[in-house]
Amino acid sequence: AALVGTNAICSWRSPLELNVYLDPKAALASGDLFSLATGAVVNAAGNSRPTTSVVAVLSPPDPVLPIASIRAPRVVGLCDTQLVLDASASISGRVPSYNWALFDERNILPADTKQELQ
């Protein structure tokens with residue numbers, strides 16, 4: 001379930017074509033290869049032969065465009081011990097990840113000041 005997400009939806013587009021709509025929390029992404037377990041899909045009569053195939057995951061026809069919304073203090077003092085960046089109001093079709101870096105007015109700071117938030 002983690003690959004397709006807990007709320008994935010499968011529907012038959014035709015007697016020969018199965019569409020799988022991934023949950024936003026799915027581990028699979030566009031371009032990944034995916035295969036169904038042998039015997040996982042059978043015809044309506046239940047008498048089809050077990051089949052296996054590998055398919056590439058396609059991009060959704062109408063992807064949700066992300067909208068970043070970051071809340072943070074306008075000013076941070078030198079003595080402040082914690083800076084909180086809140087992106088909970090952001091909108092995305094998938095769980096986003098955020099990268100941030102610190103720059104001074106000349107855009108020069110040591111590389112080890114860069115951090116990645118998950």
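1. On the surface, a nonpolar patch is formed by Ile70, Val76, Leu83 and Leu85, which together have about 320 Å² of accessible area. The model is a predicted one, and residues are numbered from 1 along the chain as its sequence is written.

2. Leu85 sits in the loop between β4 and β5 (98-100). Leu85 counts as partly exposed because its relative accessibility is 35%, and that class lies between the limits of 20% and 50%.

3. Read from the N terminus, the order of elements is β-β-β-β-β-β.

4. On burial, the protein has 118 residues, of which 8% are buried. Buried here means under 20% relative accessible area.

5. The largest pocket holds about 1400 Å³ of space. Its lining is made of 42 residues, and those closest to the centre of the pocket are Val20, Tyr21, Leu22, Val57 and Leu58. Two or more lining residues come from each of β1 (9-14), β2 (17-21), β3 (33-35) and β4 (54-56).

6. Which element gives the largest share of the lining of the largest pocket? That element is β2, with five residues.

7. By residue type, the lining of the largest pocket consists of 25 nonpolar, eleven polar and six charged residues.

Terms used. Predicted model: local features only at pLDDT ≥ 70, side-chain atom pairs only at ≥ 80, totals over all residues. Heavy atoms only, no water. 1 Å grid on protein atoms, 1.4 Å probe; cavity = no way out; pocket = protein on both sides within 12 Å on 5 of 7 lines; lining within 4 Å. Points joined across faces, edges and corners; volume = space filled by probe spheres on them. Helix = DSSP H or I, 4+ residues; strand = E, 2+ residues; numbered from the N terminus. Nonpolar A, V, L, I, M, F, W, Y, C, P; charged D, E, K, R; others polar. Patch = residues over 30% accessible without salt bridge, like charges linked within 9 Å, V, L, I, M, F, W, Y side chains within 5 Å. Areas by Shrake-Rupley, 256 points an atom, 1.4 Å probe, with all protein chains shown as cover. Salt bridge = Lys/Arg side-chain N within 4 Å of Asp/Glu carboxyl O. Buried < 20%, exposed > 50% of the residue type's maximum accessible area, 1.4 Å probe, protein only.
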